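Me: I am new to this one and would like to go through it step by step. Could you show it to me?

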Amino acid sequence: MTASTKKPLYRDLTFQVVAAMLLGIAFGFIAPEIAASFKILGDIFLKLIKTAVAPLVFFTVVHGIASAGDIKRVGKVGWRALVYFEVVSTIALAIGLVWGNLLDIGSGMHDAHPNSATASAAAAALAKGHAPGSTMEFIYGIFPDNFVGAFAGGQLLQVLVISVLFGFALLALKQERREVVEDGLNRVSECFFEFINLIMKLAPLGAFGSVAYAVGSNGTAVLMSLANLVLMFYVAVVLFIAIVLGAVCRLSGFSLWRFLKYIKDEIFIVLGTASSESALPRLLLKLEKLGCSKQSVGLVLPTGYAFNLDGTSIYMSLCVLFIANAYGVPLTWEQQLGMVAIMLVTSKGAAAVSGGSFVVFAATVTAIGVLPVEGLALLFGVYRFMSMAIATCNTIGNSVATVVVAKWAGEFSEQTAKEEYERVLGRRPAAAL
């Protein structure tokens, strides 16, 4: 793209979202009571996004399986993705645990108590969501009892199950019949992507409303009292992305920094809305354009949104230690390692419940049984700020996972990646990626 054809800065989506976030922060400090009422802008934007997420997951997973042509090719991508998810999620949990112990996070807050408004809000969030009470309940909840109900309820794990089964059923059809169904699904899918493109024009408004609400509703007192936790969590996320994902990318033969520049629009949208779902539709298209095959994108990315929640893993392990230290509850290394094993399972449910990471974290604290549940209300006061980093880390982690698994399974085109980088970044990179 030459300088003469480059669009003005004010029309760039990243610039619009960043500007909206800065205005939201300023507005939240200047007029907190009024700013808190602007939450509706963020809620409306996310509701519009969620109307298309479940259908798009269905279409991309089904198309990914169907385009593979046979079950063996699906399995080749699938088992690699699951191995990658479990290894990286475990590393993320360990980083949160080690970081929390090094900092002795929360040890200076023995006298901290949440106010009644924050406690009530936390209770309302927990009541709205429903986290699985056991591993068996979690497994049982993955399987839907109603085809339409899974979509209507926005149950991503159930939609994934339906999509995989439907994709295998499509593979069982004769070639001529399968092509007719695939063509119809592709046409509807294209329409949904155009629908998403229209909604994305509202992303700056959604980011402004979400950030203004987060600052205005919490106020400077809460922000200062828990600033250390929020700051250290952001540092942990940055370290995970730079060191762990950076090493993964280097071992896989591509540059993390260049890749992040390629998906920067999606990163800022997620950061502003605190929802990883807001970038999913655009990433499904972008990663395929980058050279990942349809089946790898269709299988890895949506599945990662349920099983590869790196940001959620760091949040859970770090905040468990925060509550323990804040309330003076000693935890041995044996107990901490046991918690990691529990969180490795419960973190997989964060995408399947209303309230996401906070609700699943609350269920984990309750299941552990040695930590005071009052600490949940303490954390809820700043959850909005932490959720921005959680969603961003989850999104980057799953985007990297898609490229890594695609390259590992031989489902990636280096030449396509070179051409796409040249088109988007305006120059040809020295390496393939």
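Predicted model: local features only at pLDDT ≥ 70, side-chain atom pairs only at ≥ 80, totals over all residues.

Me: How many disulfides does the structure hold?
Reply: The structure holds zero disulfides.

Me: And Cys 191, is that buried or exposed?
Reply: Cys 191 has a relative accessible area of 54%, and it counts as exposed because the cut-off for that class is over 50%.

Me: What about Cys 249, buried or exposed?
Reply: Cys 249 is buried, with a relative accessibility of 0%.

Me: Which helix gives the largest share of it?
Reply: Helix 4, residues 71-103, contributes four residues, the largest share of the patch. Val 83 lies in this helix and is partly exposed, at 39% relative accessibility.

Me: Now Leu 56. Where is it, and is it buried or exposed?
Reply: Leu 56 belongs to helix 3, which spans residues 39-68. Its relative accessibility is 1%, so it counts as buried.

Me: What is Leu 56 in contact with, leaving aside its neighbours within four places in sequence?
Reply: With those set aside, Leu 56 is in contact with Ser 189, Phe 192, Phe 193, Ile 196, Pro 281 and Leu 284.

Me: How many residues apart in sequence are Leu 56 and Ile 196?
Reply: Leu 56 and Ile 196 are separated by 140 residues in sequence, while their C-alpha atoms are 9.9 Å apart in space.

How values were computed
Residues numbered from 1 in each chain as written. Heavy atoms only, no water. Disulfide = S-S within 2.5 Å. Buried < 20%, exposed > 50% of the residue type's maximum accessible area, 1.4 Å probe, protein only. Helix = DSSP H or I, 4+ residues; strand = E, 2+ residues; numbered from the N terminus. Contact = heavy atoms within 4.5 Å.
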